[in-house]
Amino acid sequence: MTDRDKANQNKWWKTAVIYQIYPRSFADSNGDGIGDLQGIISRLDYLENLGIDAIWLSPVCRSPQDDNGYDISDYQDIDPMFGTLQDMEELIAEAGKRHIRIIMDLVLNHSSDEHFWFREAKKSRKNPYHDYYVWRDGVEGEFPNDMRAAFGGPAWEWVPEVGQYYFHQFSVKQPDLNWENPKLRREIYDMINWWIDRGVGGFRLDVIDQIAKEPDRGITNNGPRLHEYLRELSRETFRKADLVTVGEAWGATTELAKLYSNPDNSELSMVFQFEHICLDQIPGKEKWDLAPLPFLKLKEVFGRWQTKLHGKGWNSLFWNNHDLPRIVSRWGNDGKYRVESAKMLAILLHGMQGTPYIYQGEELGMTNVRYEMEEYRDIETLNLYQERLEKGYSKEEIMDSIYAKSRDNARTPMQWSSGKNAGFTEGEPWIRVNPNYREINAAAQTGEEDSVFRCYQTLIRLRKEYSIFADGEFGMLLEEDEDIFAYTRTDADSRLLVVCNFHDREVNVSLEELADPGELLIANYRDACQRTVLRPYEARMYWKERQ
């Protein structure tokens, strides 16, 4: 057995399903309207019943909450709104009793401007922490260059105390860290090892492809030293324990992903890449500039990532996260066919090779919202509204974009029951509950045989029972069909066949594989007997031993 073969063995995350929790919106234990760690602990039995293997916890470290926790002021403490370090240790322990690991969300590209490092850094150019951040000389009012921040406005902020600008790719309160400084890197490694010692099961790394930025050249992601930094990071931290690591990498290509997720374990387990997620916007424009989903392109993108990484890397599989709208509203049908389309999207994704991620409420088919502007809380959404008003967009145009793509679509409270505030809190929720919680909630679905929840539960169980989900080779079928997404997974012993109608009309399907498809593992209609006709959003998954 080669060293590479040994490195591939016993990677628990290859058969795992990971559940993302946005703590602020998951479960509130103390009635202050904000979700917390004790609230999560109170719902662990629900997650154990669902069958997931790990929880990716969006940031819970101490933070001023300018960007909902992605602006960390202390990496080694818990924000009081979520609880205490003792609560975190209890969560790790209680989850462990249920064979669930806790994955922390680390923001290593930038910190809060209220972090001790930055408070020291802006005191003097001679301060030992000054070089922990990215500074450029200049004159107040004359920016070092014309780079823009992702949340709007210039990417530079003047600090009169030192007569310099600092660089920030996101909020002005999120100064970028200077990874060229080895002392900073050592501080980061020590902090990560501190969390590993406390029993965490892995890390999700926010915008990790931006740590090697070179702002003088206009480079934000995939900088020249990126993979050098990641190999050092892995060597000094991740490889010391049995962890899963996933990097958020908006600029990843399949070739770059082979470096990130090399089976030799030199960098990360996998990355979140977003090529499929960016398809429903006008090319070259912002996500707010809406365009119809090019279905054939969606198939091409999925097929390419499945094929190119097979045996050479590892895919993360997802439709939703805290930054994205609800997939059933986006590419499904959140009206007449909400249940059918939510199940179809789940079956389509979970049959592929990679580690599936379920975002809280996805397993219930939770939908987007349409709030009045004053009810939105997301900084990106609020900035977008003002910027586009100033550019002359109509309010109707702006709101259409917000309804479709606002991050707050994903951040509404988890819908536990039809009771007060969807069972999320006894107090006033920090953001309004989606009004459809009376129809869409966990209490109504967990015991229902045909629910979206039951579909996800079954998919998770199948991934544990059949090795082909982790190992099988992907093959796209009907590549030019405008309605059907169909593919096979094959290994030495068996074949998996997944056939999905992606639209709200009945379609005929002609596949040789359907003549003898094998055992029906899961479907989203009860009577999946008409093999050559697919009803609106119909999906089926078959398994067959190879002769």
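Reader: How many residues of strand β16 are buried?
Author: Eight of the eight residues of strand β16 (residues 494-501) are buried, so the strand is largely enclosed by the rest of the structure. Buried here means under 20% relative accessible area, with exposed over 50% and partly exposed in between (1.4 Å probe, protein chains only). Strands (E, at least two residues) and helices (H or I, at least four) are DSSP runs, numbered from the N terminus.

Reader: Before we go on, what sort of model is this?
Author: This is a predicted model, where local features need pLDDT of at least 70, side-chain atom pairs count only at pLDDT 80 or more, and totals for chains, interfaces and linings use all residues. Residues are numbered from 1 along each chain as its sequence is written, and side-chain values use heavy atoms, with hydrogens and water left out.

Reader: Thanks! Back to β16: which residues are on each side?
Author: Ser-494, Leu-496, Val-498 and Cys-500 are on one side, and Arg-495, Leu-497, Val-499 and Asn-501 are on the other. Both faces are covered.

Reader: And which strands does it pair with?
Author: Strand β15 (residues 484-490) pairs with β16 in the antiparallel sense over seven bridges, and a hairpin of three residues joins β15 to β16. Strand β20 (residues 539-545) also pairs with β16 in the antiparallel sense over seven bridges. Two strands count as paired if DSSP finds at least two bridges between them. Thr-488 has Leu-497 in β16 as its bridge partner, while Val-499 stands opposite Arg-540 in β20.

Reader: Nice. Switching to rings, how many aromatic pairs are there?
Author: The count comes to 38 aromatic pairs. Rings of Phe, Tyr and Trp (its six-membered ring) pair if their centres lie within 6.5 Å; planes under 30 degrees apart are stacked, over 60 edge-to-face and the rest tilted. One of them is the tilted pair of Trp-179 and Tyr-229, 5.7 Å centre to centre with 45° between the planes.

Reader: Where do Trp-179 and Tyr-229 lie?
Author: Trp-179 lies in the loop between β8 and α6 (182-197) and Tyr-229 in helix α7 (residues 226-236), so the pair ties together parts that are 50 residues apart in sequence.

Reader: Is Trp-179 buried or exposed?
Author: Trp-179 is buried, with a relative accessible area of 1%. Tyr-229 is buried too, at 2%.

Reader: Last one: how is α15 covered?
Author: Helix α15 (residues 452-465) has 14 residues and is mostly covered, with ten of the 14 buried. Among them are Phe-453, Tyr-456 and Leu-459.

How values were computed: The expected span of a helix is 1.5 Å times one less than its number of residues.
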